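Try each task before reading its solution.

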Amino acid sequence: MTEKVQRTLSTKRREEPRHPRHHEEHPVCPVVSREPLRPLRFQPLYKSVIWGGECIATYKGEPIEQECVGESWEISAIPGHETTVIDGPYAGMKLSELVNLLGERLLGRRVFSLYGADFPLLIKFIDAKRDLSLQVHPGELIARRRHNCAGKTEMWYIIATHGDAKILSGFSRAITSQEYRAKVADGTILDSVAQHSTAPGDVFYIPSGRVHAIGAGNLLLEVQQSSDITYRIFDYNRLDSNGKPRELHTEIAAEAIDYRLRDDYRETPRQVARGEEVLVQCPVFEVRKLTVDGHMDLRPPRESFLTMTCVEGTLEVRTPVSFDHISRGQTLLIPGEIRRDITLEGNGKLITACC
């Protein structure tokens with residue numbers, strides 16, 4: 001394979017020892033504390049990209065010195081791009097170190113039995129000042145065969161839009177792999193891709209194999225599998241920082257694409273309780289939206305961790321052993337060992353994810 005696939009992925013093996021690994025820059029505790037775990041807060045990683053803007057800093061209310069910030073990785077165990085704990089007894093530890101140290105106490109028994117020491121999700125904000133490339137992610141079989149890792153499925157929750165914001169997702173007409181190749185070659189592939197105008201609160205599920213792109217003017221939250229493999233299909237003939245066309249992965253993408261059509265590529269949230277909606281429920285994750293107006297008791301997922309991202313307002317988060325605040329643009333990781341109800345107080349909206 002001569003094409004260079006854009007990727008940063010976890011290469012850890014499941015048979016790795018599940019004990020703390022020591023790094024000079026982030027020494028870990030030699031003894032695991034048996035004190036109850038509290039929600040964890042991580043230092044985000046800001047990514048400057050060719051299509052990024054300035055909305056993330058404004059949305060979070062934080063100064064960011066970088067320019068063209070297109071992504072804020074809130075919780076990540078991608079090697080070389082890991083988030084670290086901000087405070088508390090585990091301050092300075094990378095997420096992978098924490099998983100190796102705490103195991104099922106952090107992940108939850110069921111998730112730990114499925115993924116071992118691999119944290120399975122990546123949570124990020126995305127600000128598209130310009131159009132992102134049309135792309136596709138491989139499914140489990142192709143990803144294992146080509147890259148020895150998991151496939152990549154993701155979902156998007158639209159936070160804010162401006163201008164003529166759109167999401168590209170799926171095909172608008174039946175197309176064969178031969179037609180796909182011809183349309184990429186002559187630059188007309190977008191004519192066959194479904195385009196959807198967006199508004200705050202819209203939800204899109206992007207399973208592996210579905211062609212997709214985030215259009216300019218969208219600020220969104222992304223929940224995805226912990227993999228960063230992307231096959232780029234079309235990039236508007238843009239040049240990279242060296243003045244060269246950005247690489248396309250036309251041939252390897254052709255095998256990964258799901259060419260089937262759907263009637264509607266936009267998800268319809270399903271209300272399951274007062275103030276609680278299921279946005280996406282799929283084999284690799286479940287994402288919900290919580291709308292808190294005063295008070296809510298939240299039951300943690302069974303034998304899984306829970307990520308909690310505030311997309312609006314400010315809330316108090318109480319567990320049997322802790323008290324935290326979470327405001328717009330912030331994310332908490334609720335350890336799997338917390339099995340009793342979590343109390344939410346205030347006014348705001350949260351997006352939660354578990355496996």
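**Exercise 1.** Is cysteine 310 buried or exposed?

Solution. This is a predicted model, where local features need pLDDT of at least 70, side-chain atom pairs count only at pLDDT 80 or more, and totals for chains, interfaces and linings use all residues. Residues are numbered from 1 along each chain as its sequence is written, and side-chain values use heavy atoms, leaving out hydrogens and water. Take the cut-offs: buried is under 20% relative accessible area, exposed is over 50%, and partly exposed is in between (1.4 Å probe, protein chains only). Cysteine 310 has a relative accessible area of 0%, so it is buried.

**Exercise 2.** How many disulfides does the structure hold?

Solution. A disulfide is a pair of cysteine sulfur atoms within 2.5 Å. The structure holds zero. Take cysteine 68: the nearest cysteine sulfur, that of cysteine 55, is 12 Å away. For cysteine 310, the nearest is also that of cysteine 55, at 18 Å.

**Exercise 3.** Classify the ring pair of tyrosine 59 and phenylalanine 125.

Solution. Rings of Phe, Tyr and Trp (its six-membered ring) pair if their centres lie within 6.5 Å; planes under 30 degrees apart are stacked, over 60 edge-to-face, the rest tilted. Here the centres are 5.6 Å apart and the planes are at 65°, so the pair is edge-to-face. Tyrosine 59 is buried at 8% relative accessibility. Phenylalanine 125 is buried too, at 0%.

**Exercise 4.** Which residues form one aromatic cluster?

Solution. Phe171, Tyr180 and Tyr259 form the cluster. A search of the whole structure finds five aromatic pairs.
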